[in-house]
Amino acid sequence: MRIGFLLNPIAGMGGRVGLKGTDGKVAAARARGAEPRAPDRARRALDALAERAPDTTVLAWGDPMGASEVRAAGFDPDVRGGPADEETTGDDTRAAVAAFRDAGVDLVVFVGGDGTAADVAEALEGSDVPMLGVPAGVKVYSSVFGVSPEDAASVAATFERTERREVMDIDEDDYREGEVHPELRAVAHVPVAEQLQSGKQIGGGTVESLAEGVADDVRARPGTTWVLGPGSTVGEVKERLGFEGSPIGVDVYRDGEVLALDASEAEILAALGDDNVIVVTPIGGQGFVFGRGNPQLSPAVIRECDVEIVASRDKLDDLRVLRVDTDDPDLDEALRGWEKVRVGRFERRMLKVV
């Protein structure tokens, strides 16, 4: 099999430092100390691919768009070109994919987020070449991504047929202001596999009773630091506690005081105390608890906290399992298993984290 492989080196950099994405914010992300996320996730996918399908021929694009990561995984890449400048753009992505397409690859594997997916799909428009994403962005609304880097590698090594799936994206400036309006950018050929994530659904059921139950718990535990994740469900909790939180950010609360609004990873860690609880809701339609939309809740943060998962009954009715993808495989493994999800003021439902 011949695979074209590329990575967007800046994908996901803005997430952990609280920027909700990296479009137009690379300098700001670096100023806040952001570290590249995509190269490590590329290596995880490539290492898994080398184990599953070591005879794969890998076409690559020059550094920093993947050639070194391909070599590090043990492949001898056929490098078809490289970016025009050190700071890469969507034009570089489209050029790489066009070169792979013209070289007759069986699959294009990319590492990035929804914006990268849209660029890949644009370059493949009119062809039958399928695409597959290794998730590294902040939002990842599209249904063209593997659940994890390792899952993407498994799909690449074993798929036998493809289907049409949607590529979605949102305006990141609107997203930072709390406005979420997903837009269909393309419909692409994608391998058929269970290890692909679904497209994100918007909305949920009524959560007033659930939110009041969580707020009761907060008031009953003085001294506990509450790390309140993004989403409308947890937003109801923030309202019950008497403050207007960040709708798509992470807020930190303790003993009637908001310690941090729209906090970065560093700000969350600085605010933690001896007893800490993360309250988070899964993404509708996908089931991700960690790893999509909340990278501020990093492995370092999660390891310092207990985790309370909350969701409306309607949202859980559409989910078979919950998922985690934290960038730390050991932590992902520790988080897996059956979990009680709060669905009402007192009621809880068991659902498996995979």
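Biologist: How many bridges join S4 to S5?

Modeller: Strands are DSSP runs of E with at least two residues, helices are runs of H or I with at least four, and both are numbered from the N terminus. Two strands pair if DSSP finds at least two bridges between them. S4 and S5 run parallel, and the bridges that join them number 5.

Biologist: What kind of model is this, and which atoms are left out?

Modeller: It's a predicted model, where local features need pLDDT of at least 70 and side-chain atom pairs need 80 or more, while totals for chains, interfaces and linings use all residues. Residues are numbered from 1 along each chain as its sequence is written, and side-chain values use heavy atoms, leaving out water and hydrogens.

Biologist: Which residue is the bridge partner of valine 111 in S5, and which are the edge strands of the open sheet?

Modeller: In S5, valine 111 has valine 134 as its bridge partner. The open sheet has 5 strands with parallel pairing, in the order S3-S2-S1-S4-S5. An edge strand pairs on one side only, and here those are S3 (78-79) and S5.

Biologist: How many aromatic pairs does the structure hold?

Modeller: Rings of Phe, Tyr and Trp (its six-membered ring) pair if their centres lie within 6.5 Å; planes under 30 degrees apart are stacked, over 60 edge-to-face, and the rest tilted. By that rule, the structure's aromatic pairs number 3.

Biologist: What is the angle between the planes of tryptophan 61 and phenylalanine 100?

Modeller: Their centres are 6.2 Å apart. The pair is edge-to-face, with the planes at 90°.

Biologist: How many residues apart are tryptophan 61 and phenylalanine 100?

Modeller: Tryptophan 61 is in the loop between strand S2 (57-60) and helix H3 (67-72), and phenylalanine 100 is in helix H4 (residues 90-102). The pair links distant parts of the chain, and the residues apart number 39.

Biologist: Are tryptophan 61 and phenylalanine 100 buried or exposed?

Modeller: Buried means under 20% relative accessible area, exposed over 50%, and partly exposed in between (1.4 Å probe, protein chains only). Both tryptophan 61 and phenylalanine 100 are buried.

Biologist: How far is arginine 323 from the nearest side chain of opposite charge?

Modeller: Lys and Arg count as positive, Asp and Glu as negative, with His and chain ends not counted. A salt bridge is a side-chain nitrogen of Lys or Arg within 4 Å of a carboxyl oxygen of Asp or Glu. Arginine 323 is buried but has no salt bridge, and the nearest opposite charge, on aspartate 151, is at 5.7 Å.
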